[in-house]
Amino acid sequence: MERRPIIALDFASKEEIIQFLKKFPKEEALFVKIGMELFYQTGPEIVSFLKSSGHDVFLDLKLHDIPNTVKKAMSGLAKLGVKITNVHAAGGIEMMEAAKAGLIEGTPTGEAVPELIAVTQLTSTSEKQMHEDQLIPVSLQESVLHYAKCADKAGLDGVVCSALEVAAIHQATNPDFVCLTPGIRPQGASVGDQKRVMTPADAKKIGSTYIVVGRPITQAENPYESYLQIKNEWNGEK
Ligand code: C5P
């Protein structure tokens, strides 16, 4: 099946999203990412809107709370019909298990349970910050791999990670473990504030399951053209 890059819809309002989506043919079913900035302003309505327009949604809310609260929140989110959602692995195995149970409980009969993935260490966290703020004495890489193993143990589908970590994560878990990777830039594109980037073709080669691409598509002069180029590269057709 043809794979679609997930477009990070990092816009400030629903109106801006509507304007952006007008640049794509109506029948083009996209896979989009909605984050907490927009969700907290618009509420679940933004998900219903995108779904009714024919798009699949990755709801990037990164839940992290006591297991009971996360379970109930996930049960509610499951009713929205998103394809992927996530939690922080730092919440612990019990919390991740509760999140998964909540998703299963809340998914309407006959519908697919959303894939649940974990955020390991945020890419904005440096090793120094991890040592000093979180008092975790190991290397950043060890912490990421440990969290990935915890997510696997808790029955989650995978993790959000840098494309550069995919191979090690697959080795630490299993080859089918979902690795969703942001920080993707087509050859020659502006890197922006991303520090460690990879091209769609390389992400495919190293085994990313999903790629998330924001600005190279949202800020492009012709977003549809840029999307198709990245999609083709992601599917191995240059
Ligand atoms: O515009 P750009 O392609 O850099 O956007 C990437 C998206 O992925 C943004 O929504 C960003 O917040 C998100 N993200 C990331 N790195 C992570 C996790 C999420 O860039 N480690």
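Visitor: What hand is the crossing where helix 5 passes helix 7?

Guide: Right-handed, in this predicted model. Helix 5 covers residues 93-106 and helix 7 covers residues 140-153.

Visitor: What's the angle between those two, and how far apart are the axes?

Guide: They pack at about 45°, and the axes are 9 Å apart. That angle makes helix 5 oblique to helix 7.

Visitor: Which residues make the contact?

Guide: From helix 5 you have Ile 93, Met 96 and Glu 97, and from helix 7 there are Cys 150, Ala 151 and Lys 153. Sorted by class, the contact of helix 5 with helix 7 has 4 nonpolar and 2 charged residues, with no polar ones.

Visitor: OK, switching to helix 4. At what angle does helix 4 cross helix 5?

Guide: Roughly 30°, with the axes coming within 7 Å; helix 4 is residues 67-78. Helix 4 therefore counts as roughly parallel to helix 5, and their crossing is right-handed.

Visitor: And who's touching whom there?

Guide: Helix 4 brings Pro 67, Val 70, Lys 71, Met 74, Ser 75 and Ala 78. On the helix 5 side it's Glu 94, Met 95, Ala 98, Ala 99, Ala 101, Gly 102, Leu 103, Glu 105 and Gly 106.

Visitor: How does the contact of helix 4 with helix 5 divide into nonpolar, polar and charged?

Guide: You get 9 nonpolar, 3 polar and 3 charged residues.

Visitor: Now the ligand. Which residues are around it?

Guide: Ala 8, Asp 10, Lys 33, Thr 123, Pro 182, Arg 185 and Gln 194, plus the run Val 212, Val 213, Gly 214, Arg 215 and Pro 216.

Visitor: How far is the side chain of Asp 10 from an oxygen atom of the ligand?

Guide: An N or O atom of the Asp 10 side chain sits 2.7 Å from a ligand oxygen. For Arg 185, a side-chain N or O atom is 2.8 Å from an oxygen atom of the ligand. Lys 33 has a polar side-chain atom 3.1 Å from a ligand oxygen.

Visitor: Back to helices. How do helix 1 and helix 3 cross?

Guide: At roughly 15°, with axes that come within 12 Å. That makes helix 1 (residues 14-21) roughly parallel to helix 3 (residues 45-52). Helix 1 passes helix 3 in a right-handed crossing.

Technical notes:
Residues are numbered from 1 along each chain as its sequence is written. This is a predicted model: local features need pLDDT of at least 70, side-chain atom pairs count only at pLDDT 80 or more; totals for chains, interfaces and linings use all residues. Side-chain values use heavy atoms; hydrogens and water are left out. Axes are lines fitted to C-alpha atoms, for helices over the stretch in contact, and angles run from 0 to 180 degrees between N-to-C directions. Helices (H or I, at least four residues) and strands (E, at least two) are DSSP runs, numbered from the N terminus. Angles under 35 degrees count as roughly parallel, over 145 as roughly antiparallel, 65 to 115 as roughly perpendicular and the rest as oblique. A crossing is left-handed if the near helix is turned anticlockwise from the far one by less than a right angle, and right-handed if clockwise. Contact means heavy atoms within 4.5 Å. Ala, Val, Leu, Ile, Met, Phe, Trp, Tyr, Cys and Pro count as nonpolar, Asp, Glu, Lys and Arg as charged, and the others, Gly among them, as polar. A residue is near a molecule or strand if one of its heavy atoms lies within 4 Å of it. A polar contact is a pair of N or O atoms within 3.5 Å; within protein, one must be able to donate a hydrogen and the other to accept it, and residues adjacent in sequence count only if both atoms are side-chain atoms.
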